Amino acid sequence: MTPELEAILASLSPIQKEAAVWGDGSVLVLAGPGSGKTRVLTSRIAKILDDSRGKNFRILALTFTTKAAAEMRERVELLVPGLTERAFMGTFHAFCTQMLRQHGSHLGMSPDFAIFDQDADREALLSDALAVAAKTEAVDPDDVRWLKTIDQLKSRLVVPEKAASQFRDTRSGEAIARVYQIYEQALGEHNSIDFNGLILGACRLLRDVPGVAERTRRTYPYWLIDEFQDTTPAQYRLIQLAAGDGFKNLFAVADDDQIIYQWAGASYRQIEKMRADFRPELIQLVENHRCPPEIVGAANLLVAHNTFRTPGKKPLVAAKAAMSESISLRLFESDSAESEGLATEISETEPSRWGKTAVLARTRSLLVPIQQALQSKGVKAVIAQRRDRFISPQFTWLQACLDQALRPTDIRVFKVLVDAANRVAGQDLDPAILAAEAEAAGLSNFEHWGKTSVAMGNTIGAKLGAFAVRLAQSRTAWRPVVREAIPVLVDSATSAEGVVSDAADDKAAWDICVKEIRAEKGADIDLDELIQGLALRSKEPPRDPSTVTLLTVHASKGLEFDIVYVAGLAESIMPSWQSVNKGGESPEMEEERRNCFVAITRTRERLILSRAANYRGWSKGPSRFLSEMGFSGETEP
Ligand code: ATP
Ligand code: MG
């Protein structure tokens, strides 16, 4: 055993260690925030890898975000250097993508499908398809609003043919089912798939193609799942199908009080189902190693107001010693005063603390003014994405260029590039017309666009066009071409979006990303695998350590910070107005309460709860969660 692994096992409490070194058989670790679930899971991966040196089976560890997967990989690598190659650590989506690329041909899928992971792209696709359909039938181009409903149906495994019966009102049910059908058809026509589709496709593979489930079981005899409480019914179905009858080693860690994807179908009933299906050993961890005792107390008080909880779960006990001033309250006149006030307070703390400081809010719209206020005081601040990915426009461009090189006839990607370059150059080239002209001239879209751009003096179009042509010609030697192109892309995208970005940051992010994809898929990845990896991966450019992180509660899942600000603790903000509108207690209100519970339990040292009396001119009372946690909502605790 490596000394690092030995040390971490020795640092675990007896019950944590029991879970980490558990032999074969299924285990459910049901425990509250900060109780060490992720730490136990990570140690367990390292332990299995260490125990099975020289064997050729692999371990499957599924996490909720790519960022969590990257962190996990880093930690395991520290514990058992050189052994992580035998583990797949990634999201459900990444795993399903891999399965579909390998075996999808059995279902008639072409292995080079594109993944639609951006809502804007999906909306554009659906809206185009609806516009076509509207010529012959009564559908409305505005029906893109049903996308979220379609997502919900898909995450519950409802196919278009069965969708109508899910709705009480038959007419709107039928309308939604039709839109769902049109959407699926459009995806198929573009040889593409969305996030839920990845899970459904993998389920079909496991169910319908003999041998795939068997092979998956043989390759991955150990499954470990972090944040199990937020698996959707479709994801759970995938686990069941992969497991079949003979599977024994499912290790899931969960906290039913942290379910925040109820709208996508996550439910404590799923945890119950897992217990019935897999009959796991149940291990409860009750010690919280993250938060000061005062916060643990407030969290216990808060969540006790919920009724939909796994029966018999024990309350959390703080393992840390008491600290002074671990919770404070702030009250402001208005939302703008709240943004200003919090930003001022943060700007007056030690800059060395900023990197370990987070501001959390129920919605992103509350974070934007806080970010602006911080920046105006010279404090670096970034808003983290949930499925954090290459968020900079530079990377969107790079990805689009790579995609186009691989799929020269894909008009969607072409449109992204032409539109973006139009913005920079102040031009108005129509991608559809360009494509038609290209066809007539017997050129690729890109080549023709490049030529047109040169003729019009559009240097960015010309550079990108030339880049794509070269890339297409050198698909096997793409790395140097891409590397060379990054500065051009950064340049172009920076002026296109008016974003100030550091090319060095982007290059560094690019290097990290390629390194990670290669660690996962082997050193000789081809362009296809690279794009696949990029689409599913996310890597924010490496940050200056004095950057404050702003996150929605959903994005804060599993993370921890020394100092945590929770803004917007007002009725109709947190809890949301939708849940307040329901009146009294409801499943929606319970979900809001779990959001608040997740938010406050991210804290390692100090928690600052804040609210304003007015948001956008509307007066709002203190959040009911404040009094439920034992605060009056008006005064310091
Ligand atoms: P969440 O539900 O929020 O994801 P979690 O149960 O996964 O929380 P971890 O993130 O694994 O909790 O652990 C919380 C913190 O407590 C981490 O900083 C971790 O290193 C620390 N920790 C966990 N167990 C111990 C221990 N036995 N001794 C000291 N520190 C510990
Ligand atoms: Mg965790």
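In this predicted model, helix α3 (residues 37–51) supplies the largest share of the shell around ligand 1, namely three residues, where helices are DSSP runs of H or I with at least four residues, strands are runs of E with at least two, and both are numbered from the N terminus. The shell comprises 18 residues, of which the closest are Gly36, Lys37, Thr38, Arg39 and His289; a residue belongs to such a shell if its C-beta atom, placed from the backbone, lies within 6 Å of the molecule. Residues are numbered from 1 along each chain as its sequence is written, while chains are lettered from A and ligands numbered from 1 in the order in which they are written. Because the model is predicted, local features need pLDDT of at least 70 and side-chain atom pairs count only at pLDDT 80 or more, whereas totals for chains, interfaces and linings use all residues.

- By class, the shell around ligand 1 holds three nonpolar, ten polar and five charged residues, with Ala, Val, Leu, Ile, Met, Phe, Trp, Tyr, Cys and Pro counted as nonpolar, Asp, Glu, Lys and Arg as charged, and the others, Gly among them, as polar.
- An unreviewed UniProt entry places the feature "binding site" at Ala31, Gly32, Pro33, Gly34, Ser35, Gly36, Lys37 and Thr38; UniProt positions follow the numbering used here, feature names are shortened, and annotations may be inferred rather than shown by experiment.
- Gly32 sits in the loop between β1 (27–31) and α3, and it counts as buried because it has 28 C-beta neighbours inside 10 Å; the cut-offs are 20 or more other C-beta atoms within 10 Å for buried, 12 or fewer for exposed, and anything in between for partly exposed, with C-beta atoms placed from the backbone.
- Beyond its neighbours within four places in sequence, Gly32 is in contact with Asp255, Asp257, Asn288 and Leu316, a contact being two C-beta atoms, placed from the backbone, that lie within 7 Å.
- Lys37 belongs to helix α3 and counts as buried, because 25 C-beta neighbours fall inside 10 Å.
- When neighbours within four places in sequence are left aside, the contacts of Lys37 are Val29, Ala31, Val253 and Leu285.

- Strand β8 (residues 281–285) runs parallel to β1 and is joined to it by five bridges, with Ala31 opposite Leu285; two strands pair if DSSP finds at least two bridges between them.
- Strand β7 (residues 250–254) also pairs with β1 in the parallel sense, over four bridges, and here Val29 stands opposite Val253.
- UniProt, in an unreviewed entry, lists residues 10–292 as "domain: UvrD-like helicase ATP-binding"; over residues 10–292 the chain is 50% helix and 13% strand, and the end C-alpha atoms are 23 Å apart.

**Strand β15 and its partners**

- Strand β12 (residues 357–361) runs parallel to β15 and is joined to it by four bridges, one residue pair being Leu360 and its bridge partner Val566.
- Strand β16 (residues 603–615) pairs with β15 in the parallel sense over five bridges, and Phe561 has Thr603 as its bridge partner in β16.

**Backbone geometry to check**

- The peptide bond from Met574 to Pro575 is cis, with omega near 5°, and Pro575 lies in the loop between β15 and α26 (577–581).
- Ser572 is found in the loop between β15 and α26 and has a positive phi, near 75°, in a residue other than glycine; it counts as partly exposed because 17 C-beta neighbours lie inside 10 Å.
- Arg279, in the loop between α13 (268–278) and β8, has a positive phi near 45° and counts as exposed because it has 12 C-beta neighbours inside 10 Å.

**Confidence**

- The chain averages a pLDDT of 85, and 85% of the residues score at least 70, where pLDDT is the predictor's confidence in each residue, from 0 to 100.
- Confidence in the chain is lowest in helix α23 (residues 478–497), at a mean of 57, and highest in strand β15 (residues 561–566), at 98.
- pLDDT stays under 50 over residues 386–391, for which the model has 20 contacts beyond four places in sequence.
- The scores of the model are ipTM 0.99 and pTM 0.78.
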